[in-house]
Amino acid sequence: MRERGPAGLRAQSGGKGLTDTEARTSALCEAVERYCGTRHGDEPVVVDTLRALGEPALHPNACQLYAEEQFRDRERWNRSGSPFHHVPEPFDAERPVEWTPVWSLTGRRQRLLPTSMLYFTSTPGAPGPYADSNGNAAGSSPEDALLQGFMELVERDAVALWWYNRTRQPGIDLDAFGEPYIGRLREGYRRMGRDLWALDLTSDWGFRRSWRCPGAPGPQ
């Protein structure tokens with residue numbers, strides 16, 4: 001299934017599972033996620049400045065969490081050409097932008113965030129901030145989707161702590177699970193000239209997170 005927009009591998013929805021039905025269901029759920037993350041033009045918005053909207057409006061950096069050093073060095077960061085490392089311009093509290101209502105789970109009330117942070121398709125040439133797929137999830141109910149999205153944030157945080165800091169993490173004995181499909185995975189990767197191993201990336205959140213890594217030389 002393909003989302004609207006430029007063609008390419010990352011513009012497609014893929015799924016995983018131990019059976020064909022599981023994989024197709026997973027792909028369908030990802031397509032739903034991408035569709036819901038695409039702006040269609042009928043979303044409720046208000047146009048104003050951060051300063052004028054006052055306390056209900058959240059400064060985007062309260063969610064993005066960029067360091068001041070990253071803003072100062074944004075040109076160097078952005079020269080990498082990777083959209084995953086792109087740092088937007090510092091947010092201008094005096095510039096009118098579109099804001100969308102969101103619900104705060106911690107404050108239990110409505111807040112406002114810049115609309116460009118919430119949908120994958122933004123106005124061409126807009127200075128940002130930009131949306132990404134972190135915490136995007138579909139589920140059988142709002143509570144299920146919320147849990148899936150939260151767990152995705154936990155896993156990406158754990159992977160980032162390991163990857164960017166190059167920490168040494170303990171390996172996981174995949175044979176200890178006694179699952180026949182692990183042998184099939186190994187054989188499939190072997191035919192492609194790849195290895196299969198896993199790391200324990202449990203972080204300070206306390207959730208256990210493993211990282212399966214095909215194609216790398218071995219755990220560090």
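Predicted model: local features only at pLDDT ≥ 70, side-chain atom pairs only at ≥ 80, totals over all residues.
Colleague: Where does Leu65 lie?

Modeller: Leu65 sits in the loop between helix H3 (61–64) and helix H4 (68–72).

Colleague: How should I read the phi of Leu65?

Modeller: Begin with the general idea: most residues other than glycine have a negative phi. In this structure, Leu65 has a positive phi, near 60°, and is a residue other than glycine.

Colleague: Which value does phi take at Arg166?

Modeller: Phi of Arg166 is near 55°, again a positive value in a residue other than glycine. You will find Arg166 in the loop between helix H6 (142–165) and helix H7 (180–191).

Colleague: And is Arg166 buried or exposed?

Modeller: Arg166 is exposed, since its relative accessible area is 58% and exposed means over 50%.

Colleague: What joins E2 to strand E3?

Modeller: Six bridges do, and E2 and E3 (residues 109–114) run antiparallel. Here you can look for Trp103, which stands opposite Gln110 in E3.

Colleague: What do E2 and E3 form, and how many residues are between them?

Modeller: They form a hairpin, with four residues between the two strands. Look at Arg108 in that turn, where phi is positive at about 55°.

Colleague: Let's step back to the whole chain. Which pattern does the protein chain follow along the sequence?

Modeller: The pattern reads α-β-α-α-α-α-β-β-α-α-β-β, and the chain has seven helices and five strands.

Colleague: How many of the contacts between residues at least 6 apart in sequence join residues at least 24 apart?

Modeller: In the protein chain, 47% of those contacts do.

Colleague: What about burial and surface in the protein chain?

Modeller: Of the 220 residues in the protein chain, 26% are buried. The accessible surface comes to about 15100 Å², and carbon and sulfur atoms account for 54% of that surface.

Terms used:
Residues numbered from 1 in each chain as written. Heavy atoms only, no water. Buried < 20%, exposed > 50% of the residue type's maximum accessible area, 1.4 Å probe, protein only. Contact = heavy atoms within 4.5 Å. Areas by Shrake-Rupley, 256 points an atom, 1.4 Å probe, with all protein chains shown as cover. Pairing = 2+ DSSP bridges.
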